[in-house]
Number of protein chains: 2
Amino acid sequence: METLNAAELLAALGHESRLGIFRLLVEAGPEGIIASAIGEKLGLPAPTLSFHLAHLSRVGLIRGQKESRFIRYLAEYATMEDLIAFLTSNCCQGRACLPKTSACSNIEKRSTT
Amino acid sequence: METLNAAELLAALGHESRLGIFRLLVEAGPEGIIASAIGEKLGLPAPTLSFHLAHLSRVGLIRGQKESRFIRYLAEYATMEDLIAFLTSNCCQGRACLPKTSACSNIEKRSTT
DNA sequence: TCCATATTTCCATAATAATAAAACTATGGA
DNA sequence: TCCATAGTTTTATTATTATGGAAATATGGA
């Protein structure tokens, strides 16, 4: 991952509403959350929510899948893993003292209650 | 760490120049880098550099210490650790499947060559 | 077909952030 | 004391981003 790309991801998360959305989706796991439910939870008007969801989608941190009239959004764990890997790499002259992330790969194993 | 604070840190890193500065300092370790050297390396005019250094300092990601005429900047690893801990927490309904970071605590042990 | 709902797009406005020239403030050396 | 250097602050300008009302676009159900 290049610095420019990483900066884009960080900037995307560097906004209270978007970080709130992302964390909500991370906590939700593979079930994801319907857009309108996110809006209610965070108290965001529809166009504002849509704007931020589009931003997060564009950089690849979340993904939306249509379900009849609704759109279910999911966190893209892989992107986040890459970002954390980038942030923790090259620490201490390549000795990599920040932990390499193996991250949410086990999330697939969770039940989809 | 609250969401607002985390968003501030992420926004600070969400800019190519500032991310470049921060990574330079993370790689440099406890020796840090003199401000002007950072500017040369990244090709930033003095006021622009100063602006970004001030931003990173304000949110606590770096710290500058005066040395005669120079200012040596250092990465604040603890802040970064907190941020990564925040990002990897509450994943998968509190099951914490992203690794908790123990991070660059070993950096203190490095020689200051 | 008509309506209600979910979501997006359009648009104008407001707010914030980035840039760098010019002027200012140390600080150490001659 | 004077000069050069390192860095910051001030300032103005430009560029970008955020916000949310209004209108538009699905979609499913009556």
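Close-up 1. A:Arg63 lies in strand S2 (residues 62–67) and A:Glu76 in the loop between strand S3 (70–75) and helix H5 (77–88), so the pair ties together parts 13 residues apart in sequence. Helices (H or I, at least four residues) and strands (E, at least two) are DSSP runs, numbered from the N terminus.

**Close-up 2. Salt bridge between B:Arg63 and B:Glu76**. The closest N and O atoms are 2.9 Å apart. In chain B, strand S2 (residues 62–67) holds B:Arg63, while B:Glu76 sits in the loop between strand S3 (70–75) and helix H5 (77–88), 13 residues away. B:Arg63 is partly exposed at 36%, and B:Glu76 is partly exposed at 23%.

**Close-up 3. Salt bridge between B:Glu67 and B:Arg72**. The closest N and O atoms of this pair are 2.7 Å apart. B:Glu67 has a relative accessible area of 30% and is partly exposed. Over all chains, the structure holds 4 salt bridges.

Residues are numbered from 1 along each chain as its sequence is written, and chains are lettered from A and ligands numbered from 1 in the order in which they are written. In this predicted model local features need pLDDT of at least 70, side-chain atom pairs count only at pLDDT 80 or more, and totals for chains, interfaces and linings use all residues; side-chain values use heavy atoms, with hydrogens and water left out.

Definitions and conventions: Salt bridge = Lys/Arg side-chain N within 4 Å of Asp/Glu carboxyl O. Buried < 20%, exposed > 50% of the residue type's maximum accessible area, 1.4 Å probe, protein only.
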